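Work through the exercises below with the structure open beside you. Try each task before reading its solution.

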Amino acid sequence: MSQALGVALLGAGTVGSGVLRILERHRERIEARAGGPLDVRWIAVRSLTKPRDLPTNARLTDDPLEAVHDPGVHVVIEVMGGEEPATHLIETALAQGKHVVTANKVVIARSGQRLLEAYPDRLHYEASVAGGIPIIKPLQECLIANRLDQVLGIVNGTTNYILSRMDQAGISFGEALAEAQAAGYAEADPTYDISGLDAAHKLVILAMLAFEAPFSLADVHVEGIGQLETTDLAYAREFGYTVKLLAVARREEAVELRVHPALLPREHPLAKVDGVTNAVFVEGDATGPLMFTGAGAGSLPTASSVVADLVEAARRLRSQGQEPNGPLFRQGRPRVRPPEEMVSPFYLRFRVVDRPGVLAQIASAFGRHQVSIESVIQRGRGHEPVDLVFITHPARVASLSQALEAIRALPVVHQVAACLRVERGWGHA
Ligand code: NAP
Ligand code: HSE
């Protein structure tokens with residue numbers, strides 16, 4: 001049997017403890033597939049005094065660099081989170097010739113291009129997008145025979161959990177968030193999930209892999225779910241839609257990258273993806289539409305992806321890196337469409353005075369700016385102001401913004417209370 005490979009686990013929280021549990025549960029099979037024993041020599045944590053029940057004899061340290069520098073460590077697993085010191089630790093390990101496995105989408109979205117260009121064979125990041133769902137390897141390897149022009153996904157478990165619970169159990173945003181935090185789905189700072197930023201980081205990674213070109217966070221138009229009201233989920237249902245936080249990457253004559261809450265028709269495949277479940281839809285020119293779905297967060301699902309990468313790293317180390325990865329970025333940077341050029345149907349809710357002629361004034365403002373109305377729900381004869389809700393035909397964002405400016409200025413309009421995109425397409429349907 002080959003010699004043991006030394007492993008340093010940086011982080012023993014939700015994901016790190018899951019890695020240790022999986023290694024304990026399936027050690028024999030995993031080591032057989034890895035070509036020999038795996039020895040977790042170090043566990044780095046922030047607090048050495050926090051009580052922990054970890055199934056390992058590894059040395060605990062609060063100095064992750066000490067673990068990275070250990071010459072007996074061949075693979076560093078970074079599951080601490082955050083941009084720094086994680087990026088520095090990862091880069092130090094790679095520069096020393098070690099393999100790195102990470103679940104950290106912040107590092108990969110922000111520094112992935114540089115790190116992957118320098119170390120294409122030794123950085124593994126399956127767990128960075130969609131937790132337990134294998135999606136990085138399918139995009140990078142299994143779908144290599146395809147041109148991919150679209151990736152559409154629900155890639156944040158926390159927000160999908162919150163929206164599902166608000167919609168189906170009628171609980172408040174705060175209660176649903178507390179449940180997601182207790183289950184270990186949310187980031188250390190949950191505003192990162194709620195604001196759409198977590199999904200935006202994942203979208204950058206998916207777009208880089210799907211379109212084989214470098215992108216950055218600045219290319220992504222991002223809106224979160226913080227402004228959503230339960231009443232909008234209820235109106236969406238009346239129109240036959242459900243609301244999801246979507247991540248969209250599309251390539252036409254320009255690339256469009258956006259993360260935002262969107263109304264999806266109830267029969268859309270992504271509309272049925274509930275709770276912490278994630279789903280990534282891609283369409284290959286050879287395969288046609290494909291949907292990858294499963295647990296997008298949580299201890300064991302995410303650790304499953306980390307351990308798969310650990311096994312891959314061990315195999316590469318033991319085969320002396322005989323399977324080189326080609327360059328990831330085969331394309332130059334394509335033009336990225338700015339938000340005002342994007343086109344979409346919209347859901348709009350206005351708070352208005354309850355008086356004859358209000359609908360006509362709003363419709364006329366839409367008409368003047370080439371925004372065409374598809375359907376309307378008007379609630380009246382209650383306490384003022386009342387809701388007036390529209391779904392538009394596809395409209396350019398720039399035209400819609402001008403129409404909304406004109407509508408906001410109408411004396412009969414109290415407030416533009418909601419403005420959400422409607423996403424109907426999947427595949428070329
Ligand atoms: P977590 O539960 O907060 O655990 C973080 C661990 O890292 C803790 O053990 C913490 O130590 C340790 N740590 C943090 N900063 C450190 C530092 N500067 N030095 C030494 N140790 C440090 O986080 P998590 O949920 O496991 O997430 C870890 C990573 O996986 C993040 O990048 C996250 O985005 C990603 N991820 C998470 C999930 C999920 O479902 N949770 C899914 C996919 C990807 P203490 O224990 O002493 O606090
Ligand atoms: N906070 C993230 C989520 C963890 O809720 O999806 C998985 O990346």
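## Exercise 1: A salt bridge and its setting

Task: Which side chain does Asp198 meet in a salt bridge?

Solution. Step 1: the side chain of Asp198 pairs with that of Lys105, at 3.1 Å from N to O. The model is predicted, and a salt bridge needs a Lys or Arg side-chain nitrogen within 4 Å of an Asp or Glu carboxyl oxygen. Step 2: place the residues. Domain 1 covers 5–132 + 298–318, and domain 2 covers 140–293. Step 3: count at the interface. The rule gives 2 salt bridges across the boundary of domain 1 and domain 2. It also gives 3 residue pairs in polar contact there, both residues at pLDDT 80 or more.

## Exercise 2: The side of domain 1

Task: Which helix gives the most to the side of domain 1 that touches domain 2?

Solution. Step 1: the helix is H5, residues 105–118, with 6 residues on that side. Step 2: sort this side by class. There are 6 nonpolar, 4 polar and 2 charged residues.

## Exercise 3: Area and contacts

Task: Describe the interface of domain 1 and domain 2 by contacts, area and distance.

Solution. Step 1: contacts. Domain 1 brings 12 residues, which touch 17 residues of domain 2. Step 2: area. About 1200 Å² is buried between the two domains, and carbon and sulfur atoms give 67% of it. Step 3: leading residues. Lys105, Ala109 and Val129 lose the most area on the side of domain 1, together 41% of what that side buries. Lys105 is also the salt-bridge partner of Asp198. Step 4: distance. The C-alpha centres of domain 1 and domain 2 are 26 Å apart.

## Exercise 4: The whole chain

Task: What radius of gyration does the chain have, beside that of a compact globule?

Solution. Step 1: a compact globule of 429 residues would come near 22 Å. Step 2: the chain has 24 Å, which agrees. Step 3: the C-alpha atoms fill a box of roughly 85 × 45 × 35 Å along the principal axes. Step 4: the chain holds 14 helices and 18 strands.

Technical notes:
Residues numbered from 1 in each chain as written. Chains lettered and ligands numbered in written order. Predicted model: local features only at pLDDT ≥ 70, side-chain atom pairs only at ≥ 80, totals over all residues. Heavy atoms only, no water. Domains from an automatic or database assignment. Contact = heavy atoms within 4.5 Å. Buried area = accessible area lost by both parts, 1.4 Å probe. Polar contact = N/O pair within 3.5 Å; in protein donor to acceptor, adjacent residues only side chain to side chain. Helix = DSSP H or I, 4+ residues; strand = E, 2+ residues; numbered from the N terminus. Nonpolar A, V, L, I, M, F, W, Y, C, P; charged D, E, K, R; others polar. Rg over C-alpha atoms; globule rule 2.2 N^0.38 Å.
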